[in-house]
Amino acid sequence: MISPVTGEQPPLVALRDVSKRFASRMDLASRIAARVGAGPAQQVVRALDSVSLEVKQGEVLGLVGESGCGKSTLGRIVARILEPTSGERFWRGAPYSAFDGRSQRAERLAIQMIFQDPFASLNPRLRIVDVIGEAPVVHGLIGREDREAYVADLMARVGLDASTAKRFPHQFSGGQRSRIGIARALAVQPQFLVCDEAVAALDVSIQAQVLNLFIRLREELSLTYLFISHDLGVVRHLSDRVAIMYLGRVVELATAGEVFARPNHPYTQALLAEIPTIEPRKRAFQPIRGEIPSPLSPPPGCHFHPRCPHSTERCRREQPAFREVAPGHFSACHLNDTK
Ligand SMILES: Nc1ncnc2c1ncn2[C@@H]1O[C@H](COP(=O)(O)OP(=O)(O)O)[C@@H](O)[C@H]1O
Ligand code: SF4
Ligand SMILES: [Mg+2]
């Protein structure tokens, strides 16, 4: 849908005020105690708190933040694996619900997700030709008789030897299994990939090869990525824009160049200050002063205030607005009001 007013294309994916709450995972003792009234009632985890985000056609949007801040929840909501508790999702400007009908299969397949541990998501009893080739047959994209040739093409595209198609997942290395996971996602001809810690389980040298594959595939197939990683080095390497998350909220968003050269939010500044530059393996998050608070009871006001060196009384009371601090650069911090 191209806007009749501006002639602009809508973003490929947009989230508006998306929130997700989970009932907290309780251990057995707590569940029994809660049932007999002897313990706290089931608590609610606020995994996402009113997130609005756009991913433009053809871009790589990096999504970073410490473990538990809601990255996977956001990725799964984008990929339709999870339903939001509230808020709206749009594909090319139309609500996701517009694609629920049978005839909109292509739109539903257009977003595919690639997970952290490719081995965990591969059925060990399936041969690679089945792992990659089954979904396109089931969805009617190819005939069963074309499956082997189709899989061979895909394997070559992701840098795998097509003569190994009859082997089982455990017969491949970590890097090869990653490539199998990518080929499986590509098999249904997606336009958008949500990559959730897609290279996190790999050795550094293999990581670089798989990242280069992502870069090449994006160009060859005109793909768009939401690239989720706890590793700033990975995100910096690949992303056009970067969103920084903290406890269920996006706190900063800008081009990758801007975020790394001129981080605005004190949380982003703290993250960047912690990146050692020599040892690439350690370019993940290091603990910032203070523990990450629980999403069971997020601090009021600015969620970051208990750890922020600049926090004031207002930060403890009032949630900062997410606003544009330079063209295309957004941040949610009260300090911007006084600049
Ligand atoms: N199915 C679930 N049930 C209960 N809590 C969940 C569930 N999935 C995620 N959570 C909680 O939601 C929060 C965000 O989790 P997640 O999106 O996995 O974060 P991240 O990917 O950034 O590590 C965490 O506190 C996590 O424990
Ligand atoms: S709003 Fe306050 S507590 Fe939050 S990041 Fe800005 S200065 Fe720190
Ligand atoms: Mg995760």
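The following chat goes through a predicted model of one chain and its ligand.

Colleague: What are the ground rules for this model, and how are things numbered?
Modeller: Residues are numbered from 1 along each chain as its sequence is written, while chains are lettered from A and ligands numbered from 1 in the order in which they are written. As this is a predicted model, local features need pLDDT of at least 70 and side-chain atom pairs count only at pLDDT 80 or more, whereas totals for chains, interfaces and linings use all residues.

Colleague: What is the mean pLDDT of the chain?
Modeller: The mean is 89, and 89% of the residues reach 70 or more; pLDDT is the predictor's confidence in each residue, from 0 to 100.

Colleague: Where does pLDDT stay under 50?
Modeller: That applies over residues 277-286, for which the model has 16 contacts beyond four places in sequence. Two residues are in contact if their C-beta atoms, placed from the backbone, lie within 7 Å.

Colleague: Turning to ligand 1, how many residues surround it?
Modeller: There are 14, and the closest are Phe-22, Ala-47, Lys-71, Ser-72 and Thr-73. A residue is near a molecule if its C-beta atom, placed from the backbone, lies within 6 Å of it.

Colleague: Which elements give two or more residues to that shell?
Modeller: They are β2 (44-55) and α2 (71-78), and α2 gives the most, with three residues. Helices (H or I, at least four residues) and strands (E, at least two) are DSSP runs, numbered from the N terminus.

Colleague: Is α2 mostly covered or exposed?
Modeller: Helix α2 is mostly covered, with seven of its eight residues buried, among them Lys-71, Ser-72 and Thr-73. Buried residues have 20 or more other C-beta atoms within 10 Å of their own, exposed ones 12 or fewer, and partly exposed ones lie in between; C-beta atoms are placed from the backbone.

Colleague: And what follows α2?
Modeller: Arg-80 follows, and its phi is positive, near 70°.

Colleague: What about β2, in which sheet does it sit?
Modeller: Strand β2 belongs to an open sheet of four strands in the order β2-β1-β4-β5, with antiparallel pairing. The edge strands are β2 and β5 (94-95), each pairing on one side only. Two strands pair if DSSP finds at least two bridges between them.

Colleague: How many bridges join β1 and β2?
Modeller: Strand β1 (residues 13-23) pairs with β2 over eight bridges, and Ala-23 has Val-44 in β2 as its bridge partner.

Colleague: Last topic: which residues does Met-245 touch?
Modeller: Leaving out residues up to four places away in sequence, Met-245 touches several residues, including Leu-63, Gly-70 and Lys-71.
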